Amino acid sequence: MRLALGLLATICALFVLTDGVDHGNFKTCEQSSFCRRSRKVQSAGSKYALIPGTLNTYADSLTADLVNKENHHQFAFKLEALVGSTFRLQIDEKQPLRPRYRVEHALKGQPQAGRIRVEQETDGEIVITSEKNKAVIHGDPFRIDFYENDVLVVSVNAKNWLYFEHLRQKAQEPTPNPSENENQQEQDAAVETPKVADAIDDPGAWEENFKSHHDSKPYGPEAVALDFSFPAAEILFGIPEHADSFVLKSTSGTDPYRLYNLDVFEYILDSKMALYGAVPLIYGHGQQHTSAVYWQNAAETWVDIQTAETNVVSSLVNFVSGSRKTPPPAAHFISESGIVDAFIMLGPKPMDTFKQYAALTGTHELPQLFSLAYHQSRWNYNDERDVTSVSAKFDEFNIPMDTMWLDIEHTDGKRYFTWDKFKFPNPLTMIKNLTELGRHLVVIVDPHIKRDNGYFFHQECTERGYYIKTREGNDYEGWCWPGSASYPDFFDPVVRDYYASQYALNKYQTVTGDVMIWNDMNEPSVFNGPEITAPKDLVHYGNWEHRDVHNLYGHMHLMGTFAGLQRRDPNQRPFILTRSHFAGSQRYAAIWTGDNTADWSHLQHSIKMCLTEAVAGFSFCGADVGGFFGNPDSELLERWYQTGIFLPFFRAHAHIDTKRREPWLFSERTREVIRNAVIKRYSYLPLWYTAFYELELTGEPVIRPLLAQYPQDKEAFGIDSQLLVQDRLLVRPVMQQGVSKVDVYFPVIDEKKNGDWWYDVDTYQRQERSGYVSVPVDDNKIPVYQRGGSIVPKKERLRRASTLMLHDPYTLIICLDRQGKASGSLYLDDEKSYEYRQGKRIHVIYDFSNGQLANRFEGKPKYKTAAWIERIVIAGLDKVPSSASITVNGVTQQLEVLPQERAVVVRKPGVKMDVDFALKLNYQ
């Protein structure tokens, strides 16, 4: 029945028309000449082979020469083993006419080399092993098969779609009368004559037009493309950012997914269109194996997806036959320039691949606690009085709030690092008033710089040559919020250093060291540019074209901001929010899903999009609560808050033309629903904080799709209406209008359809069934469950801001599994500084079994805190204990135990967080 409903929904979706962005402002694959050319290889195939006798082997890698058998152009091939079941594949021209761009700054450092062993070498095949993995390189046609424990998990170029446009001289136009030029033959001899096989008969190869914009393409065609098949997988996921389902859809008969950072105004849903971020990382997942490929390329990229389920008819045929007699899922990466630089991660489990990718590109560093609390924003709060009033109203209605945000209108005419002196005459006083309440301020700093000779930043960038250049060597001038604007070339380390210096308090004198930063519009957005971004033939530091580095521009902006905030206060962790992002940007900033709309479908996609970002390194993800555009009704706003509290970044934000929507502007009932949701978020801050520390420690995402923890449950593969917070909470938001119940899926853990026990976090009612269960909901209730076998730390004393909760006591929620056991962790430090990296922290593991709870510390607990354990709630006991006893330093004390609905409460254990203890339940 569910399959039939799903197929019906898919068919219906094909006929839904959606208002939103103008598609005509953005290219299709057919309008991108390199995509058009590269895609043609899918029908004809390509012919590449290793050249015999060119193989060289080293301790960690092997190299060889690769040839295109049609035009005889040669390439340098390298395959390197890395520690942690990962390989790196690189293909570049052996002797390019000019260097081709290789991505910098995405990896967290030089990957740690592994070791290889050549097991077999013949004329047509080379077999190498590394750790428990094997790579089989086939010479002609060129292909690489990667095995994890003798299971084939990734095949490179299995479809023969490798396509590499080598750099070449442009063919000279024939002259009508050669005798007019005596030196014509000498000139012809001096220029390499293109071979017939080199000729590219495409009108966009050497120049290209889109609408009114012209791309000069001075270096001609230089695309690279390669296919990756996943024989052990049933689904593919990844390659954010797209407003689409978690599981990637077949692109057969449609455009590929596009990765090209763009300012997309009012984006549409269920679309493969490019958005603000580009993370060229894809996963293949099956019941037994998960693997991944990171395609390290910063140019415009398209990704074709081939799956078994190419259409409804084939789905039905396979369903009836009970088998999949189709090729394995595959991805075809197509980039405009650069080289082939691919990392193949062999898993074997989802969490293994997530950690393998984190080992390459890094993780979010542990954020300050306030950044995990509630943020209040809109475009724009009008003036100082408005900011002060909104802050006071949160206190009046007893709703916690940590951070106020100021958008572009706070500046003096969109000049960043300045203030509007009429609206914000005393910003330091305003900031001080917030800080005294325990709150923070975030201000916006975009990369477009107003072209005003009286503006210090523009004047200095102009005098020093810090802007991105046109091909003619002039400062590029575009159009954005300030009007005429230019864009700093953040790829130049000198420019980045200059920009970072602007955050110093002796320069940016109207802020304090506690004010944090929002980097928006950094794709970059250029209102009058092609596709609302910068022209591709602009020139950056190092003489690289913008086409080579486009998807990295926002990343470089972030690097400058992060450096500036660290220099401003070296011992305070920066908080930055960015819209544009690339692989590795997670090391510097949080992200959000951009310009969404006050609509139920956009609420639904906030989960889908953040799940996809989380498995691509960006756990610190959220969506504008209530929708950026439009005016949500009460029900939608309530449900959005209830959903938003379970995404890591939790901010309400709205467009300047929307109605004000602070909680007290709605009915008392709605206000209370919102207040209860925000309070719940604050109670779980210890869990969120612990999860982010453990993310930095291990690379395990904070929020996860079900398949992360339940990789064998096929029904769970495509579920993107639910999420896990670590492996401890299961959240199924209410994202449909007017419903009184929703279906919650409880995943299975074995072939017998057994599942974990799950406990309702409000009532502790236990759910023992697996599969879909219809769960009642009301205005204040969305289904949230704690996994049996887990321990969750909470803080339940209400404060106006998280910074005031530092020394508040903890509550431990223990939910038992079928064996009567549970475990969980808690992390605490000063919630602000880097001293935790010098050991001033507490990371404690709690274990419950046989009616006893004990703790153990990961490392010596060196952080001094006044916090203590106030309550312990235990759910899943067969009977109520008569009492409990706690032993600390050899001294035993009796504790009171009280029943609480379907759980019991151990009152006031009173033990400090850095002290060993053992607690035992007593039965008469």
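Are Asp520 and Arg579 buried or exposed? Both residues are buried, where buried means under 20% relative accessible area, exposed over 50%, and partly exposed in between (1.4 Å probe, protein chains only).

1. Basis of the note. The model is predicted: local features need pLDDT of at least 70, side-chain atom pairs count only at pLDDT 80 or more, and totals for chains, interfaces and linings use all residues. Residues are numbered from 1 along each chain as its sequence is written, and side-chain values use heavy atoms, with hydrogens and water left out.

2. Overall form. The protein contains 16 helices and 56 strands; helices (H or I, at least four residues) and strands (E, at least two) are DSSP runs, numbered from the N terminus. Its radius of gyration is 29 Å, close to the 29 Å that the globule rule gives for 924 residues, so the protein is as compact as a globular protein of that length. This radius is taken over C-alpha atoms, and the rule is 2.2 Å times the number of residues to the power 0.38. Buried residues account for 62% of the 924 residues.

3. The pair Asp520 and Arg579. Their side chains meet in a salt bridge (3.2 Å, N to O), a term that requires a side-chain nitrogen of Lys or Arg within 4 Å of a carboxyl oxygen of Asp or Glu. Asp520 lies in the loop between strand S29 (516–519) and strand S30 (539–540), and Arg579 in the loop between strand S32 (576–578) and strand S33 (581–582), so the pair ties together parts that are 59 residues apart in sequence.

4. Other salt bridges. The count for the protein comes to 67 salt bridges. One of them joins Glu545 and Arg547 at 2.8 Å, N to O. Glu545 is buried at 1% relative accessibility, and Arg547 is buried at 2%. Salt bridges that share partners join Asp215, Arg258, Glu300, Glu336, Arg471, Glu531, Lys536, Glu545 and Arg547 into one network. Asp412 forms a salt bridge with Arg415, with the closest N and O atoms 3.5 Å apart. Here Asp412 is partly exposed at 32%, whereas Arg415 counts as buried at 17%.

5. An open sheet. Six strands are arranged in the order S38-S39-S40-S45-S42-S43, with antiparallel pairing; two strands pair if DSSP finds at least two bridges between them. At the edges stand strand S38 (703–704) and strand S43 (766–767), each pairing on one side only. Strand S42 (residues 758–760) pairs with strand S45 (residues 784–787) over three bridges, and Trp758 stands opposite Arg787 in S45.
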